[in-house]
Structure formats: C-alpha cells, structure tokens
Amino acid sequence: RTDTGPMYSAHGTCVRASNVDPSTLPSSRHAIAFAVEPERRLVAEVGRVHQPEFFNAMVPEPGLLMCVSRSHLVLMLELLAPVLTLRKLSSNALIVDERCVGGNQVVPLHDGMTIGFCNGKESTACFLMLRVTLKSRAAVAKQGAHPAVASTRQQQNQQNQQNQQNQGNQGNFVGTAAVVAPAVCFDSGCGAVLECVRALGQDVARLPWETRTIQLVFDETLDVGRVHQPALFECLLSAEREWLNCVSRTHLHVTLSRARCGSKDVVGLNVINNSANCVTVGGLKLQKGASSRMHERGVLAFLSTGEKGDTVFLEFLLQLRQNL
C-alpha cells in the first residue's frame with residue numbers, strides 16, 4: 001500500500017544510464033509504468049522483448065543492451081497481499097537497493113527503492129538504474145497518470161501483435177503436428193478453474209481463455225499432468241518445448257472443496273505434488289509427496305531446478321467460477 005491508499009500505479013524511472021542523460025528525454029521515454037486495474041492481479045514482465053523502445057533509448061550500446069534479457073524480471077501484485085514484488089528471471093546480476101537478487105528470488109518493492117541492471121552474471125556494476133515510484137488511486141486522480149503508462153502499454157501491444165503475426169505465419173505447428181488445445185465445457189459441479197497466467201516464451205493473454213484453463217469439480221480429485229491434459233500443456237509450452245519434460249505424466253493430485261471458517265464456507269484447492277519436480281503453492285515450495293491448500297486467486301507454479309536455481313515456467317491462478 002502507499003501512504004494514501006491502495007496502490008494504483010507503479011513506475012520505474014531511469015535515474016542513471018550509461019552514456020545517456022535521462023533528464024533530456026521526455027518522461028514517457030525514460031520510464032516504464034504500469035497501471036493496476038481495480039480488483040485485478042498485476043503480472044508484468046520487464047525486458048528487451050516487452051519494452052524495446054525504452055531499453056533501446058536507455059541502453060544504446062549493443063553490448064550492454066544484450067545484458068538486458070528478453071524477460072529480465074517480473075513484477076507481481078496479489079489481491080490478498082497488496083505488496084508489489086519483483087522476481088528475477090535473468091541469469092545476469094540484478095541489484096535492488098544495493099543488494100544482489102538471487103536467481104528466481106522474490107523481493108518486495110517499496111516506494112523509492114532502486115533496481116539496477118548489471119553487466120554480466122558476476123558484475124555488480126550497474127549500467128542502468130531505475131527508481132521505483134508507487135502511487136495510490138487518489139494520487140493518480142489528483143496528479144494524473146504517468147505519461148509512460150500509455151507508452152509502456154503501447155510497446156506491449158505492439159509486441160503482442162508481432163507475436164500473433166509470427167505465430168500465424170508458423171501456422172501454430174510444432175514439428176509436423178498442429179497444436180490443438182481442448183475447449184472447456186463447464187459441468188454443473190464445476191466450482192473453479194486453474195487459469196494459466198504465465199508461460200515462458202508465450203503471451204498467454206492472447207490465447208483463448210478455454211485453451212489455458214483446467215476445470216475443477218467440487219469434491220473430485222483431479223490428476224494434472226502431461227497424460228491428463230496433453231493438448232493444454234502442449235499449447236502453453238509450444239514456444240519453448242524443452243519445459244514439457246519438466247511436467248510429469250501425473251504431476252499433481254488436486255481436490256476442490258469447501259471448508260467451514262466461522263460462519264462462512266471458504267473454497268480452497270488441496271494440492272499434492274506427485275512429481276520429483278517441485279511446484280509452489282502460494283510461494284510455498286512442495287517436494288514430492290508434500291501437500292498444501294490454496295485459496296481464491298492463489299498461484300500454483302511449476303518449477304525446474306538447475307545449476308542456476310529454480311526457473312518458473314508455468315503459473316496458474318485459482319479462479320472461482322462465480323467470479324469469472
């Protein structure tokens with residue numbers, strides 16, 4: 001939260017760049033800004049592929065520009081935990097308030113903190129530094145939206161259109177077989193869905209909603225994995241198929257149920273990890289055989305563990321059917 005209410009916008013303004021004076025550029029060009037929609041979760045990736053105009057302007061040297069990964073970090077704001085967080089996605093060093101961020105580490109971001117992009121994996125010398133500014137809805141209403149909100153959205157829309165065009169040119173083929181994802185037909189017992197909100201190499205927002213959701217029926221245990229939802233995982237990971245090997249044939253057992261909490265029935269999803277590959281439920285890491293319970297708008301993430309740490313390649317959001 002900000003000092004004057006729930007956060008409504010977040011922007012990172014360039015305060016230092018190699019061979020560039022940010023103050024000479026319009027504010028729409030030397031900042032990245034995101035508006036937080038009411039009652040919506042924020043998931044915003046930052047990197048060369050997502051904000052190309054910003055990074056090209058701030059980092060004109062080709063060698064340094066390549067130190068900015070295509071998807072360098074992701075910003076997230078959960079509804080039930082209204083604190084903006086940053087997760088590092090790149091293998092290159094990243095510094096938040098003079099502290100190095102580990103691979104796939106999640107750190108909270110507060111107003112006035114700095115984010116530094118470094119030259120290489122081991123270097124702590126920042127060639128680009130952004131200062132975080134968080135604004136409440138009241139502040140935005142009084143001062144107006146940051147000019148970079150529109151330009152950031154425009155860059156992302158252009159990238160989405162380019163991705164769609166490229167995918168259209170490829171005919172959505174993987175090898176010699178077309179990827180066809182299943183449509184979701186709600187049963188009368190359906191109480192919620194797991195909706196994919198992030199897949200590496202894929203802009204899931206462009207996919208039809210039915211192709212990125214798993215239906216959940218009350219009090220029925222559902223197996224989740226490559227054998228049980230083959231077309232769905234093929235579709236979500238069609239751009240980077242190597243991650244398919246990290247989804248087990250039967251990866252999870254999940255059960256949607258109601259639990260009494262005071263005078264209310266609270267809907268939740270019990271998750272049991274059946275795979276040697278870990279998952280996280282609401283940020284809690286589950287080894288094989290471990291279980292946890294998640295609630296509405298909780299996040300289920302699929303991980304791959306390597307020498308450089310954990311990589312999140314899929315994220316699903318629990319959505320109640322009545323709120324869809």
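Contact means heavy atoms within 4.5 Å. This is a predicted model, where local features need pLDDT of at least 70, side-chain atom pairs count only at pLDDT 80 or more, and totals for chains, interfaces and linings use all residues. Residues are numbered from 1 along each chain as its sequence is written, and side-chain values use heavy atoms, with hydrogens and water left out.

**Figure 1. Arg212 sits in the loop between β13 (190–199) and β14 (213–217).** Strands (E, at least two residues) and helices (H or I, at least four) are DSSP runs, numbered from the N terminus. Arg212 is buried, with a relative accessible area of 11%. Buried means under 20% relative accessible area, exposed over 50%, and partly exposed in between (1.4 Å probe, protein chains only). Not counting residues up to four places away in sequence, Arg212 touches Leu194, Glu195, Cys196, Val204, Ala205, Leu207, Leu232, Leu236 and Phe316. With Glu195 there is a side-chain to side-chain polar contact of 2.6 Å. A polar contact is a pair of N or O atoms within 3.5 Å; within protein, one must be able to donate a hydrogen and the other to accept it, and residues adjacent in sequence count only if both atoms are side-chain atoms.

**Figure 2. Thr13 belongs to strand β1 (residues 7–17).** Thr13 has a relative accessible area of 18%, so it counts as buried. Leaving aside neighbours within four places in sequence, its contacts are His30, Ala31, Met129, Leu130, Arg131 and His146. Ser28 is 15 residues from Thr13 along the chain, and their C-alpha atoms are separated by 9.5 Å.

**Figure 3. The structure holds six aromatic pairs.** One of them joins Phe54 and Phe55 edge-to-face, at 5.0 Å centre to centre and 80° between the planes. Phe54 is buried at 2% relative accessible area, and Phe55 is buried at 0%. Phe302 and Phe313 make a tilted pair, at 6.2 Å and 55°. Phe302 lies in strand β21 (residues 299–306) and Phe313 in strand β22 (residues 309–320), so this pair ties together parts 11 residues apart in sequence. Both Phe302 and Phe313 are buried. Rings of Phe, Tyr and Trp (its six-membered ring) pair if their centres lie within 6.5 Å; planes under 30 degrees apart count as stacked, over 60 as edge-to-face and the rest as tilted.

**Figure 4. Ring pairs link Phe233, Trp243, Phe302, Phe313 and Phe316 into a cluster.** Phe316 is also among the residues touched by Arg212.

**Figure 5. The charged end of Arg258 sits over the ring of Phe218.** It lies 3.7 Å from the ring centre. A charge sits over a ring if NZ of Lys or CZ of Arg is within 6 Å of the ring centre and within 35 degrees of the ring normal.
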